[in-house]
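Me: I would like to learn how to read the features of a model like this one. Can we go through them in turn?

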2 protein chains.
Amino acid sequence: MRLSVLGSTGSIGRQTLELARCFDDMSIGALAAFGNIDLIEEQIHEFDPEICCIYNEEKAKELKERLGHSCKTRIVSGMEGLIECAVCEAVDTVLISVVGMIGIRPTIEAIKAGKNIAQANKEPIVCAGHIIMPLAEKMGVRLIPVDSEHSAIYQCLRGEKGNRAEKLWLTASGGPFRGRKREELKGITPADALKHPSWNMGAKITIDSSTLVNKGLEVIEAHYLFGVPADDIIVAVQPGSVVHSMVQFEDGAIKAQLGSPDMKVPIAYALHNERRMAYEGRKTLGFAELADIRFEAPDMDTFKGLRLGIEACRREGTLTTVYNAANEECVAAFLSGRIGYLDIADGIEAAMKAHRVTDDPDLDKIFEAEREARSFIRGLYNLDEDRGSRC
Amino acid sequence: MRLSVLGSTGSIGRQTLELARCFDDMSIGALAAFGNIDLIEEQIHEFDPEICCIYNEEKAKELKERLGHSCKTRIVSGMEGLIECAVCEAVDTVLISVVGMIGIRPTIEAIKAGKNIAQANKEPIVCAGHIIMPLAEKMGVRLIPVDSEHSAIYQCLRGEKGNRAEKLWLTASGGPFRGRKREELKGITPADALKHPSWNMGAKITIDSSTLVNKGLEVIEAHYLFGVPADDIIVAVQPGSVVHSMVQFEDGAIKAQLGSPDMKVPIAYALHNERRMAYEGRKTLGFAELADIRFEAPDMDTFKGLRLGIEACRREGTLTTVYNAANEECVAAFLSGRIGYLDIADGIEAAMKAHRVTDDPDLDKIFEAEREARSFIRGLYNLDEDRGSRC
């Protein structure tokens with residue numbers, strides 16, 4: 001397969017390229033990153049893609065100069081460039097691992113161009129799942145989630161054609177503050193929150209894991225990916241993160257997918273179209289890892305961000321975008337020390353309350369809701385910096 | 001589907017008929033039982049099969065008289081009658097839930113007649129798996145296991161075409177004596193052993209569960225059903241019996257099937273050709289059942305019967321039959337108070353040591369090995385009663 005990696009300098013992107021080194025059947029047709037030109041320069045030399053997008057225009061120029069005229073890779077920039085990488089004729093599969101709503105348009109354009117999608121970017125599904133999923137079906141392309149939880153559910157649903165998923169059990173590690181009460185979370189600093197027990201992740205998603213907003217986003221994602229109502233998605237805290245998620249069927253049977261916390265499994269599964277292959281450094285579970293598996297209901301009073309996500313999922317429309325954008329704005333403000341930890345969920349709640357939902361929104365309405373939510377949070381917490389939509 | 005139920009008065013048979021009452025698409029073409037004519041008389045009146053076998057000839061005669069000339073169901077007896085029920089033209093699926101090696105010939109004849117098989121009878125696979133599995137493939141019939149563990153593995157393998165099962169995790173409750181040491185098992189009486197924590201079963205299989213010989217038989221069954229080498233089948237004690245078994249794939253991922261201990265799930269799954277349907281009284285798992293899942297390695301020194309099963313599985317040939325037949329003979333002797341609890345595994349071990357293995361045996365060689373093992377145990381423990389092969 002010939003692959004376009006949108007977000008090749010991030011964690012998922014780098015792991016994808018590691019897999020590309022292992023598997024002879026995988027080559028790279030396109031790469032895209034936000035602005036890390038040091039790393040992408042190396043990637044270009046190693047993988048020799050046709051096209052490369054650096055989203056940041058200045059950085060794109062700098063990279064072009066560095067590479068010189070002899071380099072055959074065409075350097076592009078901005079949203080237009082990102083979309084060029086998504087629809088590039090030479091590739092058949094697009095791994096979308098950019099961060100945030102920036103992935104929405106490239107996802108849609110890639111599907112329209114008939115590409116198979118390995119989806120590691122939550123926001124397109126969270127905000128535009130009602131557009132993307134029917135489009136993928138209409139175009140007859142595969143859209144396989146790369147998130148470990150959604151990949152697990154996807155894997156459990158294989159071989160179950162015609163069997164309805166009655167409930168999804170979406171597992172959660174519970175984050176570093178599991179077991180604490182709301183008042184104990186008041187003084188949490190960014191440094192406290194930037195520890196996560198199982199997965200190696202970026203700062204934004206680490207905070208989201210600690211607030212369980214990440215799990216709220218995943219509930220919405222699962223809802224659109226698998227067509228299961230919000231109230232049939234059970235969030236289950238499983239502290240060791242060994243069970244990646246489960247599906248319950250009409251006969252009462254449950255299927256689960258388990259594994260070590262290694263993103264390469266869902267990446268490889270999505271890229272290889274459900275073919276499983278051993279890869280260098282793959283990890284297996286033994287009795288030690290399976291010695292103690294506990295499932296608990298999450299504490300939705302303390303972790304209000306999760307409850308709000310389920311509410312947004314139930315209501316659909318632009319509310320899922322507001323949930324996501326308000327959270328993004330709040331997390332950025334928390335990480336830069338401008339608001340407190342509990343202000344994150346409080347801010348989301350206020351933004352959701354203030355929003356008047358549009359049903360079945362088109363992209364314009366989605367981005368309008370995004371801008372509205374960001375501006376609401378900036379007003380609420382007196383944040384001056386302009387962080388408008390980049391989409 | 002029109003069904004033949006061989007063993008309709010046993011636990012699996014009765015549950016199958018309960019399901020037949022729930023599902024409109026299921027009717028009964030044939031019934032067979034050993035000798036419980038009171039129950040089967042009721043079943044005949046309710047389900048109106050074309051043919052019914054009572055294995056015991058005297059009992060068959062008695063039933064015929066009771067039913068009188070007006071009854072349309074043809075009553076047959078013996079192995080010939082059992083096979084008539086297995087190949088009966090009016091049925092498309094045969095549920096084989098007789099107990100012991102008696103199910104070998106009917107399984108083979110049903111497959112030859114092109115029937116789909118729901119296999120609840122371990123012994124045909126344990127003793128003649130090398131004959132039955134290739135035959136089923138050649139005839140293009142489905143053979144779906146009804147055992148909860150093997151059904152779980154079968155379910156986990158759906159949707160994994162082309163993906164090799166690297167390891168099978170066969171779960172075990174551990175039986176009522178889990179945690180005890182060998183010397184603590186010396187004085188165990190039949191009454192002590194006839195308690196099992198999770199499943200409602202007959203006396204023979206309850207003893208087998210306590211000695212873990214049942215798990216040894218299941219290792220052999222899994223080996224033939226799924227083509228996985230003995231040493232890649234991991235027996236894992238999971239005390240709550242919530243995880244019914246698991247499959248590990250080449251990428252390190254594990255798929256598991258979980259559920260309440262209700263045999264109706266695997267029965268319905270096998271009969272409906274993998275279609276899952278809600279049924280009256282079906283049970284689901286909640287946080288309470290999932291609160292504490294632990295996997296432990298079994299103690300194969302104390303439960304030597306399991307180790308011997310794995311050895312028999314490794315060696316194949318007639319040794320699996322010797323393992324099974326020696327165990328049957330020993331358990332019967334234990335239940336009637338003629339030998340001690342630890343004599344069961346010691347007897348199996350001695351019989352296996354004394355046996356000269358024939359590779360790839362035909363049915364004659366299999367039944368010869370059975371007779372030899374039974375006679376060896378009778379000689380070893382001075383048991384006089386003649387319990388020759390009925391097959």
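Reply: Start with a definition. A salt bridge is a side-chain nitrogen of Lys or Arg within 4 Å of a carboxyl oxygen of Asp or Glu. Here B:Arg182, B:Lys304, B:Arg307, B:Glu311, B:Asp346 and B:Glu349 are linked in a network of salt bridges. Over all chains, the count by this rule comes to 69 salt bridges.

Me: What should I know about the model and its numbering?

Reply: This is a predicted model: local features need pLDDT of at least 70, side-chain atom pairs count only at pLDDT 80 or more, and totals for chains, interfaces and linings use all residues. Residues are numbered from 1 along each chain as its sequence is written, chains are lettered from A and ligands numbered from 1 in the order in which they are written, and side-chain values use heavy atoms, with hydrogens and water left out.

Me: How much area do chain A and chain B bury between them?

Reply: The size of an interface is often given as the accessible area lost when the parts come together. Buried area is that loss for two parts (1.4 Å probe), summed over both. Chain A and chain B bury about 3700 Å² between them, 53% of it on carbon and sulfur atoms. A:Asp251, A:Arg276 and A:Phe287 supply 21% of the area that chain A buries against chain B, more than any other three residues.

Me: How many residues of chain A are in contact with chain B?

Reply: Contact means heavy atoms within 4.5 Å. By that rule, 45 residues of chain A are in contact with 45 residues of chain B. The copies meet through the same surface, because 100% of the interface residues of chain A are also interface residues in chain B.

Me: Which salt bridge does A:Arg276 form?

Reply: The partner of A:Arg276 is B:Glu160, with the closest N and O atoms 2.8 Å apart. The pair crosses between chains, from the loop between helix 11 and helix 12 of chain A to the loop between helix 7 and strand 8 (165-172) of chain B. Helices (H or I, at least four residues) and strands (E, at least two) are DSSP runs, numbered from the N terminus. Between chain A and chain B the count is 6 salt bridges.

Me: Is A:Glu274 buried or exposed?

Reply: Buried means under 20% relative accessible area, exposed over 50%, partly exposed in between (1.4 Å probe, protein chains only). At 17%, A:Glu274 counts as buried. A:Arg158, at 24%, counts as partly exposed. Their side chains meet in a salt bridge (3.7 Å, N to O). A:Arg276 and B:Glu160 are both buried.

Me: Where do B:Lys204 and B:Asp208 lie?

Reply: An α-helix has 3.6 residues a turn, so residues three or four places apart point the same way. B:Lys204 and B:Asp208 both lie in helix 9 (residues 203-211) of chain B, 4 residues apart, about one turn of the helix. Their side chains meet in a salt bridge (2.6 Å, N to O). B:Asp208 is buried, with a relative accessible area of 2%.
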